[in-house]
Amino acid sequence: MTKFKSDFLRTLDERGFIHQISDPEGLDRLASEGRITAYIGYDPTAASLHVGHLTQIMMLHWLQATGHRPIALMGGGTGMIGDPSFKDEARKLLGVEGIRSNIEGIKAKFGNFLTFEEAGGNAIMANNADWLLELNYVEFLRDVGQHFSVNRMLSFDSVKQRLDREQSLSFLEFNYMILQAYDFVELNKRYDCVLQMGGSDQWGNIVNGIDLGHRMLGRQFYALTSPLLTTASGQKMGKSLGGAMWLNADMMSVYDFWQYWRNTEDADVLRFMKLFTILPIDEIERVAAGDINEAKKRLATEVTGLVHGRAAAEEAAETARATFEAGTLDLSLPTAEVSHAELNAGIGVLNALVKAGLAGSNGEARRHVSSGAVRVNDAVVEDERLSLGENALLPEGVVKLSVGKKRHALLRPV
């Protein structure tokens, strides 16, 4: 482990956030001598960020916690193109209104991790649409484009991978790295930002910004990337069989979010506690060295508390305890509503599983049934043609649906 002098880099290092730094000694010296400003960009491709973004969000948190100034940059401009890095095909283009709506959905979560200026802190929420949408194209080509070598751009892994697979890379997408580099220059001029952070797949794009800043402004910029995280079994963070693990409660229930962390593999508990909680290192090591199931519950509650608030996290933990340990029906389980008319007519079990979010499609629900994983009111379902009517309601007025031992939801008529 490198011996950093600054609290910022020392904290990131001991918690496992550092993959590459462009100039470790220079950045460490700068962060030791005074406050630095750093940013991470987020393109609004959906109405919520997901678990895969938590690493970078926590990096901004620790930046501020160690006395520096973070910028969360919303890609209102770059989001109109979409980052082509390591993608097999072009992203679906979003309209202005869709991007604006997604940004509003994303913004809500950052206040749980950063203290912004309006709340008495120094964190900044910026939007690159403020400068990118005002650019004059010919002037931009002349002033910025002259500093980019197409030969060098073609050498980046993110581009080569796409070309090697003979997947079309549009000129629109090819411009993305130039715009991202220009963001770094603009943020330096506006806020004296000297550091861009991101996942390791962003290294080439960030280095472009460093080079552009040096050429246009004659200033020293820095890059810091985190490792791209996978679980101990090799699964990409932020994904599950049910899809993305969203941070917004309207896209993924707090209970399901808590359960995601409760189901962490044994080998990942210590690492995830360091990355995704703000517990002191000595306490993390003590908890992780104890009973592994209790450590997983602590991990789940701490992460959920950061994302959704402590009260919601403890409610999710209690729901899980009541469901799994006490064997009772907890009415705060994720709930899907159906009309009385629909239930009177009979709703197919496959359709019910999809409505309750326990399957992404009838085909997936059918596979769950055939594997014996589906239960209705704790009774195993053997027939995929099963129809649920009013007679399936428990005394509490709901139908309990389960897939496996750890995924439960309620169906409630309204």
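Strand E2 (residues 37–42) runs parallel to strand E3, and six bridges join the two. This is a predicted model, in which local features need pLDDT of at least 70 and side-chain atom pairs count only at pLDDT 80 or more, while totals for chains, interfaces and linings use all residues. Residues are numbered from 1 along each chain as its sequence is written, and side-chain values use heavy atoms, with hydrogens and water left out. Helices (H or I, at least four residues) and strands (E, at least two) are DSSP runs numbered from the N terminus, and two strands count as paired if DSSP finds at least two bridges between them.

Six strands form an open sheet of mixed pairing, in the order E1-E6-E5-E2-E3-E4. Strand E1 (20–21) and E4 stand at the edges with a single partner strand each, so one side of each is left without a neighbour in the sheet.

Within this sheet, E3 pairs with E2 and also with strand E4 (residues 124–127), the latter in the parallel sense over four bridges. On the E4 side, alanine 72 stands opposite methionine 125, and methionine 74 has asparagine 127 as its bridge partner.

How enclosed is strand E3 (residues 69–74)? Six of its six residues are buried (under 20% relative accessible area, where exposed means over 50% and partly exposed lies in between, with a 1.4 Å probe and protein chains only), so E3 is largely enclosed by the rest of the structure. Arg69, Ile71 and Leu73 point one way from the strand, whereas Pro70, Ala72 and Met74 point the other way, and all are buried.

E2, H3 and E3 make a right-handed β-α-β unit; right-handed here means that, with the strands pointing away from the viewer, the path from the first strand over the helix to the second runs clockwise.

Helix H3 (residues 54–65), with twelve residues, reaches 16 Å from its first C-alpha to its last, close to the 16 Å expected at 1.5 Å a residue, the expected span being 1.5 Å times one less than the number of residues. Eleven of the twelve residues of H3 are buried, among them Leu54, Ile57, Met58, His61 and Trp62. An α-helix has 3.6 residues a turn, so residues three or four places apart point the same way. After H3 comes glycine 67, whose phi is positive, near 100°.

Helix H10 (residues 176–191) should span 22 Å with its 16 residues at 1.5 Å a residue, and its end C-alpha atoms are 22 Å apart, which agrees. H10 is also mostly covered, with 13 of its 16 residues buried, and is followed by aspartate 192, whose phi is positive, near 60°.

## A nonpolar surface patch

Tyr137, Val138, Leu141 and Phe171 make a nonpolar surface patch of about 440 Å². Patches consist of residues with over 30% relative accessible area and no salt bridge, with like charges joined within 9 Å and nonpolar side chains (Val, Leu, Ile, Met, Phe, Trp, Tyr) within 5 Å; the areas come from the Shrake-Rupley method with a 1.4 Å probe, and for residues only the protein chains shown count as cover. Helix H6 (residues 137–143) gives the most to this patch, with three residues. Valine 138 lies in H6 and is exposed, with a relative accessible area of 60%.

## Salt bridges

A search of the whole structure finds 21 salt bridges, each being a side-chain nitrogen of Lys or Arg within 4 Å of a carboxyl oxygen of Asp or Glu. The table gives examples.

| Salt bridge | N to O distance |
|---|---|
| Aspartate 268 and arginine 271 | 2.7 Å |
| Glutamate 302 and arginine 310 | 3.2 Å |
| Glutamate 342 and lysine 355 | 3.7 Å |

Glutamate 342 lies in helix H17 (residues 340–345) and lysine 355 in helix H18 (residues 349–355), so the pair ties together parts that are 13 residues apart in sequence. Glutamate 342 is partly exposed at 26% relative accessibility, and lysine 355 is partly exposed at 36%. Salt bridges that share partners join Glu283, Arg286, Arg298, Glu302, Arg310 and Glu314 into one network.

In the remaining tabulated pair, aspartate 268 is buried at 2% and arginine 271 is partly exposed at 31%.
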